[in-house]
Each structure stands twice: as structure tokens, then as C-alpha cells.
Amino acid sequence: MHEMSLAQNILDIALKAASANRVKKILRITIRAGQLRGIVPEQLKFCFGFVAKESIAEEAELVVNSLPIRARCGRCTETFFVKEYSFVCPACGNPKVDVVQGMELLVENIEVEPA
Amino acid sequence: MTIKIQVLNNILEINESYAEENRRIFRDSGTFVINLMSSPGSGKTTLLEKTLERVDPREVAVIEGDMQTTRDAERLERFGVPIVQINTGNACHLDGKMIHDALRDLDLRGVRLLVIENVGNLVCPAEFRVGEHAKVVVLSVTEGEDKPLKYPLMFREAALCVFNKVDLLPHLDFSLDEALHNARQVNPDLEFMSVSCTSGEGLAAWVDWLRARMEPGG
């Protein structure tokens, strides 16, 4: 499952950020995940717990901030929350919309105990 | 005492950089690349066989992705096209690095079309760009009209949806109109075509679609 490879990537990013600072322990890692990515937070946390064993992130809490899907209408410029994956403007019915939120997948920050 | 360190790193950054590097390789060789995706058993490999019967195999290369076996590559061997088979083991999708590594074994000089046949899976392959110019999703008419709604990312990412096995329509309670409506709801820009690898219906139009996007031959 790709939550495992995402977890590994998250760990790599967190460890790299920690190594650029003097860090004894990583306490919390905050992720921003847009809902269009289909990430299952509980699975991600489970996988992270597995890959982080024996690293300075092994007790880190993984916080997943899930962002709802938002789109902007190309015609009337209304910005709206996309419900049930219907990418049609609720104001004017135009089907040509741009996704402005929902595809994010990044490590926002890490909280650490300094060395 | 705790310190917060801002990171703001894209979790898929490494994959994105491999995909960009692959794209550069394809640009240098003048190769049009499709990432062919579907559920298992929708007919990707058969569609590829029918394609190779209709284009000059000297201008085509294939990268095959499966968790296990080399069966798909073996089916295509008779066409004499360069093929690299990737066995992912337990990975359910191909990613940028796998394609980058496969390209080391592929000479793309003179190759105008590269087909990357992804692992049969409507979920994960859509998440991972590999440097392709277009994602093509194959949906066979035995799979149900609701699939675009159930797998929105796949149908949003695709440039073309190929409805396959349309020769079976008289035996099925499948509404092509409803499937189109559902897919358009998720992706209004999605192009569509209907084919049957069994009867040959629609295959000429499919090959025309590919040819229109391949660079002019030398």
C-alpha cells in the first residue's frame, strides 16, 4: 500500500530537517493532506510507527491536517467546496473548474526536543 | 522545551523530480508517452497487442508493470518491440524512479511512442506521475457505470477514457450514457472512445488518437 512509501518519505523529510538542527528527539510531525489524495490518516500513522522504529522519530505523533477539496469556477469565479467529487460550479453550472485546494501533500513542520 | 521547525516539503518531491527527469529524456528522444491504467482484467495488454498490430513496431517501445510474472511482456514479444518488464514485488503502482531505472535498459532513439502499462489498479497509479504526456484509463463495460465516481482521482488525472469490450453491451445492463455522465462530472475535459478488442470496433480511432500525438516520423 502506498501509505507505507509515503510514511517512509515523511520520515526521510523529518530526519533531514532534524539533522539540519540539533535535535534529540522528534515529538510531532504535522502533515497537510488534501482530500483528493485519498490518504487514510490511521493507515498512515500505523505505517509511520512501523518505519520510524529505532529512529529519533520513533515516538513522534503524526498529525494529519486534512484539507477539503475546493475549486474555482472558470466562468463566474465562484470558489466552492467540492461535494461528492462533483466538479461542477454550484452557482452557474459550469463544469470547467480549477482545483485550488485538495492536492496538497506536504510535511508542514516538525516539533522537536533540542539536543 | 520544544521547538517547531517549519519544513514545507512536498512528500512526493522525490517522485516528482524523477518524473521531470523522465520527461526530459522523452523530450530529447521525441517520444510520446502514455501511462495506460485500469483495473486488473480490463484489457490493457490486449489493447496494446491490437495497437502493435496497427502501428509500425519499430517506432514503439513498452514498459510493462506487474507485481508478479513476465506474462504480459511475453505476450508482446512476438511484435519484436523493445520491452522492459518491471516486477514491483508488492508495490501496487509504478513510480517515477522505477521508470527512470527502466529507461536505462531502453534505447529510445527512433521511438515515437512509449506505452507504460501500469499495474492493474484504479487507485494508486493515478497518484504517481512518471513523466508521461497523457494518462489513459481503460474501463471495460463489465465494470459498472459508477466507477468514475468511486475512483475520482484516476478519472480526473486521465486525458482519455477508453471504454473496452463494447461487443458485450447487448448482454449487459450497462448504460454508456450514465458512465459518460459520471466521468464528465469528475472531469469535464476527459476525452472518450469506445473499443472492442474482440470485434475491432473503434481500434482505428484509438490508433488515430495516438498518431495525432506522436511526433512526425523522420
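The contact between the two chains takes 28 residues from chain A and 24 residues from chain B, two residues being in contact if their C-beta atoms, placed from the backbone, lie within 7 Å. The model is predicted: local features need pLDDT of at least 70, side-chain atom pairs count only at pLDDT 80 or more, and totals for chains, interfaces and linings use all residues. Residues are numbered from 1 along each chain as its sequence is written, and chains are lettered from A in the order in which they are written.

On the side of chain B that touches chain A, β1(B) gives the most, with eight residues. Helices (H or I, at least four residues) and strands (E, at least two) are DSSP runs, numbered from the N terminus. Strand β6 of chain A (residues 105-114) is joined to β1(B) by six bridges, and the two run antiparallel; strands pair if DSSP finds at least two bridges between them. Within β1(B), B:Ile3 stands opposite A:Val112.

The largest nonpolar core has 61 residues, of which B:Val62, B:Ile116, B:Val137 and B:Met154 touch the most other members. Such a core is a set of buried Ala, Val, Leu, Ile, Met, Phe, Trp, Tyr and Cys residues joined through C-beta atoms within 7 Å, and a residue is buried if 20 or more other C-beta atoms lie within 10 Å of its own. A second, separate core of 27 residues includes A:Val112 and A:Ile10.

Of the 218 residues of chain B, 44% count as buried. Chain B has eight helices and eight strands.

Methods:
Buried ≥ 20, exposed ≤ 12 C-beta atoms within 10 Å, placed from the backbone.
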